Amino acid sequence: MTKRLDMKGIGKSFFATRALDNVNFTCVAGEVHALVGLNGAGKSTLMKILGGVYQKDEGVIEIDGAKVEIAAPSDAGDRGIAMIHQELSLINELTVAGNIFLGRELRHGATPFVNKREMARQVRAQLDRFGLTLDPNRKVADLNSGEKQIVEIIRALMSDAWLIVMDEPTSALSEEDKEMLFDFIRKMKEEGIAIIYISHHMPEIFSIAEQVTVMRDGVIVLSECTAASSEDHVIRSMTGAELDHFVKPHKEITGKTILTVENLTHPGAYEDISFNVHEGEIVVMTGLRGCGAPELAKAIFGLDGSYAGKISYFGQPLKPGRGPAQAVADGMGLVTENRDKNGILPPLSVRDNIALPYLEKSVKAGLIDGRRIDALVDKAIRDTSTKTSSPEQEIRFLSGGNKQKICFSRWLDPDLKLLILLEPTRGIDVHAKADIYRIIEDLAGRGVGILILSYEIDEVIMLADRVLTLYQGATVSEYAYPGFDKDRMLADMAGAGQGH
Amino acid sequence: MTTATATTPSRPGFKLDSLTQRYLFLILLIVIASVGFGIANENFYSLANIGILLRSIAVPFLLSMGMTFIMLTGGIDLSVGSNVAFSGGVGVVALTATGSAPIGFAAAVAAGMAIGAINGVFIGRLRLSAFMVTLATYALARGMALVIYNADSINVSDAAFLWLGGVSWGNMPVVIPFVALVFVALSVLLYKSTFGRDVYAAGSNINTAFVLGRRPERTLVWVYVLSGALAGLSAIITVGRVSSGQPWAGLYLEFDAITAVILGGTSLFGGRGRLLGTILGVLLYGIIINGLVLTGTNPYLQSLIKGMILLGVVLLDTLVQRRNAQ
Amino acid sequence: MTFKRTFASTLALATGLAGGALADEGKLDIVFINDGHVAPYHVAWLSGFEDAIEAYDDAFEDIEITGRWLSAEGSLEKMIQQTEVTINEKPDVMFVNAINVDAFEPLVAKAQEAGITWIAVHSPMESADYSFTLGDVANGTNQGMAMCALSGGEAYKVAVMLGQAGNPSGEARREGIMKGIASCDNVEVVAEQPADWDTVKAQSIAENWMTQYPDLDAISGVTDAYMYPSIAIATNSGKDLEFFGYDGDIPILQQMQDGPVKADILLSGTREGWNFVQMAYRIHKGETPDKVYDFFTPLVMSEENHKLALANGFPEDVQVYYVDQALDVAAKGYLEFGPDSVK
């Protein structure tokens, strides 16, 4: 019954680039094998070879000791290997059961009519088996990210998958949903399913994985039992050096008030919110997904004007919904939570991506001064320690962390007064995270007021001068550095700490 | 493009980027076509024929330039051909009414811009699909042209009005240096102005451009107005070429323009492409049409050959892109 | 086509080299630039032209006759370019079916400078050497009068399908049809609509008419291209309509013997294609036809209908071909316009 996967001596090159070199990787049924490494270390290449997306140049793949060829994604599926993608591949308009049975719908006898009841019953049985309380008849559009992933996994399991590859499954999940997913993973282990778990999150890895393998620059640098390993050890192997831990510098907030939010209400999103941001201050809003913070941030940036209450900027009331062009002209910046949707300009170069907000300042006699842009871009790349082969590189080929740094580098302008950051480190590796924290502190040190939305409690505590906990659109409480209490904050976020 | 993984720094300069590859390929096709047609008919290289060739691509060239701007924003403009007829009609009517060529010119360009502005406002401000809106103005502008002309052509004899499209210096039509000037001006606009950068930004990711405060909705309006202005200029050239205003001028020119832009490697999804590619696309297309006439190729075959070239170039490009992405 | 042409020019080059300067009389190069090449009339026209070139080239040993045709596919700009390129090639005779004659005035002068005989096709041009026209008004009148004569004297409702707005040929045909219909007072025109020479548009127009006018008696058209869909729709909906065509397309002529088509104008593309080559040859030989020359286009009816029409006052001087004869000459252009007709 215990199946195993053996990948031996896998090698792969892209033109002159050696992406994988003599990689050995194994997987055992009933265990979680964590695969970690910085972006670009070769994890996704290895998984794409396993999934039949790429072809290996050398090496052997064996399942239960028998050599197999995986020439196409369908081959991987036929052999019971399922990839759960970060960008989910579900159809929003169908129900949970409809998605799971997509392409192999059950029918009433020989008729062309779909037997919805039977499909829902079978899905229900599977969900029960793993102790999941999800209604098979709900539309996928109404599910949150965690539930959608569960649907994908159930779909894979019902197609007889025995090996599930999960790539950063928790990057878009709230704390609550993470717990639900981990329970599910533990149940799958009991059922004898093997899981390859790609993640940057050390605590997650050490709580659910039996084995951890670290890749760096296309080779395996570490592979051991989690029981015999440690977070520091893994991180050191990933970066090849001791990770200099980010330590928040000490500072006094003495500057003027930049932003004053008074009794801001938008029914259904947030209610009666009031707070200030001062020069050089980092204010972090936190809560569970659905706490209303993104909507609030968008109202402040002028993207949405349908609210009651008042927003003042340097003492002047702001016109509701004045639009981002006015916000930028006023010295505000925004880094959105979804880099790929509204953060980057995919076909353009790194240079063009960075330069956009600086164009007007680089115009000489009506024309853009290329040299001034080059200087600005070079400085931005240096200041954010972005790794790119050249400023002419297309941004879509950069790793998530480097893309995020570019989203930041657009706002290093000396005229910036207030920067709004939505989930600034979502889906990026530890190394890039530390860089981003440093950029944030540098900006604050220059006197820029910073308003952050973060769902990661450790990040909140590490960065904030002041923390605002939100629950279902309402402020629960406010904490000032250094009086942070992690447990109370978590209770606030879950709605348990109201009125303390 | 260079390597897809960021594992090791790629080597810039070692490999040509995909657009440069495309341009070299187009140049190769142009050379092959020229040599081939030159062998089939020695007249191909005569100065007179080169003059004819260049003159025949002047109008498609102007329209394709506008179409390049639009396709860089991820849009499309099906109305340009009809707009040539409409703005020409307005120009000719203004000329006959006032007797002043400058007023005629201004009226033609303004009319072209007006159609462009309608497109731009619906597409940029109201966020309707470019295909839908310009399909409507395609019919609308042609209908208005037929009304203005009462479905009949109007003779034009004003020498100043006909100068641009009609006069040649020897074998060199004056429209050629004019078009070259327009190209230089548009290149400066696209590569050296903030507007040009905003065109790329709007086409790359309109949401990002919006959040960064670049007002992409305004950029879109101006891009369609620009395309309309170029249709107005094309109308003036067309009137000069045929010494008359024609209600059926510009028929199917939008397809020639779109074909040239696609041949030139501009992405249908926006954000990627250059004016140089469009020049090469127009030139290749023009040479093929000219050469097919010169060699007396059966018209039934001509459509087939044009279709195969377009399909071939697009197919080859896709294969190269895929190979590079692996 | 390509091969033939290349072969021909190679041959010309070879003879030229071998025999020294060959007199210009020994060569006749004809180019026909048309506005389209897919409508049934155009297809017949162009193939008649091609066949005639071959037949004349074979029949006359002393002269090498070459020819080709181009299609502008409806685009004015394309036609201008094709004309410019062709002038640069210096053929002997150019037939140009201009999309709009005004647009081609500057090019006529250029062609004549190059010593090319310019023949304007269908729409006359003042500056052209010759204009080959169709007598559209007279033909249209014949169709209209035939309708009157065959309508039986009772109230008779007809709908007329027109050409593209502003097209001179279409306008002239319409004028003629209306004139002919006006010769009696029982025929009423209930609808007129342009179908842009387009068979598909004609189809939807015919469909609309049949619902809108349930008591419609006949459909008249300025081209036979409209007859195909109209007849099909009437047959399918079980309507007993009568049709009056224009062009002499063979499949429509075939529908005249006991069929719903009552009269047609025998233009016939094939005949006209043959006539072009015949006339180009004559002009080359030094003949000078009238500057504006109307193509001979008889009316076609069945013998029985012709007798009926004559009895109802249809003028006797109108040239009428009976269906068999019309079919014969339409299929075999050489009968009327072949090399034998000029020998």
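1. Chain B holds 13 helices and four strands. This is a predicted model. The C-alpha trace of chain B spans about 70 × 55 × 35 Å along its principal axes. Its radius of gyration is 20 Å, and a compact globule of 326 residues would have a value near 20 Å, so the two agree.

2. Burial in chain B comes to 56% of its 326 residues. Take the contacts in chain B between residues at least 6 apart in sequence: 78% of them join residues at least 24 apart.

3. Chain A has 17 helices and 22 strands. With 500 residues, the globule rule gives 23 Å; the radius of gyration of chain A is 24 Å, close to that value, so chain A is as compact as a globular protein of that length. Its C-alpha trace spans about 70 × 55 × 50 Å along the principal axes.

4. In chain A, 45% of the 500 residues count as buried. Contacts between residues at least 6 apart in sequence were examined here too. In chain A, 67% of these join residues at least 24 apart.

5. Next, the contact between chains A and B. Chain A contributes 40 residues and chain B contributes 31 residues. On the chain A side, β2 (17–28), α10 (324–329), α11 (339–342) and β18 (367–368) each supply at least two residues. The most comes from α10(A), with five residues.

6. Chain B also meets chain C. Here 34 residues of chain B are in contact with 27 residues of chain C. On the chain B side, α2 (47–72), α10 and α12 (275–294) each supply at least two residues. Helix α2(B) gives the most, with five residues.

7. Nonpolar side chains tend to be buried together in soluble globular proteins. In this model the largest nonpolar core has 282 residues. The members that touch the most others are A:I420, A:I450, C:M94, C:I119, C:A146, C:V277 and C:V300. The largest share of this core, 15 residues, comes from helix α10 (residues 216–242) of chain B. A second core of 64 residues is separate, and includes A:I10, A:I81, A:V123 and A:M238.

8. C:A146 deserves a look of its own. Which residues does C:A146 contact, leaving aside its neighbours within four places in sequence? They are C:F244, C:K262, C:A263, C:L299, C:M301, C:A309 and C:F314.

9. Chain C contains an open sheet of seven strands, ordered β7-β6-β8-β9-β10-β12-β13, with mixed pairing. Its edge strands are β7 (187–194) and β13 (320–322), each of which pairs on one side only. On average, neighbouring strands of this sheet are turned by 20° against each other, direction ignored.

10. Now the β6/β7 pair at one side of the sheet order. Strand β6 (residues 156–162) of chain C pairs with β7(C) in the parallel sense, over seven bridges. C:V160 stands opposite C:E192 in β7(C).

11. Two helices to check against the sheet in chain C. Helix α5 (residues 136–150) packs on the sheet, touching β6, β7, β8, β9 (242–244), β10 (261–265) and β12 (299–301) of chain C. The direction of α5 makes about 160° with that of β10(C). Helix α6 (residues 168–181) of chain C lies across β6, β7 and β8 of that chain. Against β6(C), helix α6 runs at about 170°.

12. UniProt, in an unreviewed entry, lists residues 30–287 of chain C as "domain: Periplasmic binding protein". In the model this span is 45% helix and 21% strand. The end C-alpha atoms of the span lie 16 Å apart.

13. Last, a loop residue of chain C. C:P214 is found between α7 (199–212) and β8 (218–221) of chain C. Is C:P214 buried or exposed? It counts as exposed, because it has 8 C-beta neighbours inside 10 Å, and 12 or fewer is the cut-off for that class. C:P214 and C:K239 are 25 residues apart along the chain, and their C-alpha atoms are separated by 9.0 Å.

Definitions and conventions: Residues are numbered from 1 along each chain as its sequence is written. Chains are lettered from A and ligands numbered from 1 in the order in which they are written. This is a predicted model: local features need pLDDT of at least 70, side-chain atom pairs count only at pLDDT 80 or more; totals for chains, interfaces and linings use all residues. The radius of gyration is taken over C-alpha atoms; the globule rule is 2.2 Å times the number of residues to the power 0.38. A residue is buried if 20 or more other C-beta atoms lie within 10 Å of its own, exposed if 12 or fewer, and partly exposed in between; C-beta atoms are placed from the backbone. Two residues are in contact if their C-beta atoms, placed from the backbone, lie within 7 Å. A nonpolar core is a set of buried Ala, Val, Leu, Ile, Met, Phe, Trp, Tyr and Cys residues joined through C-beta atoms within 7 Å. UniProt positions are given in the numbering used here, feature names are shortened, and annotations may be inferred rather than shown by experiment. Two strands pair if DSSP finds at least two bridges between them. Axes are lines fitted to C-alpha atoms, for helices over the stretch in contact, and angles run from 0 to 180 degrees between N-to-C directions.
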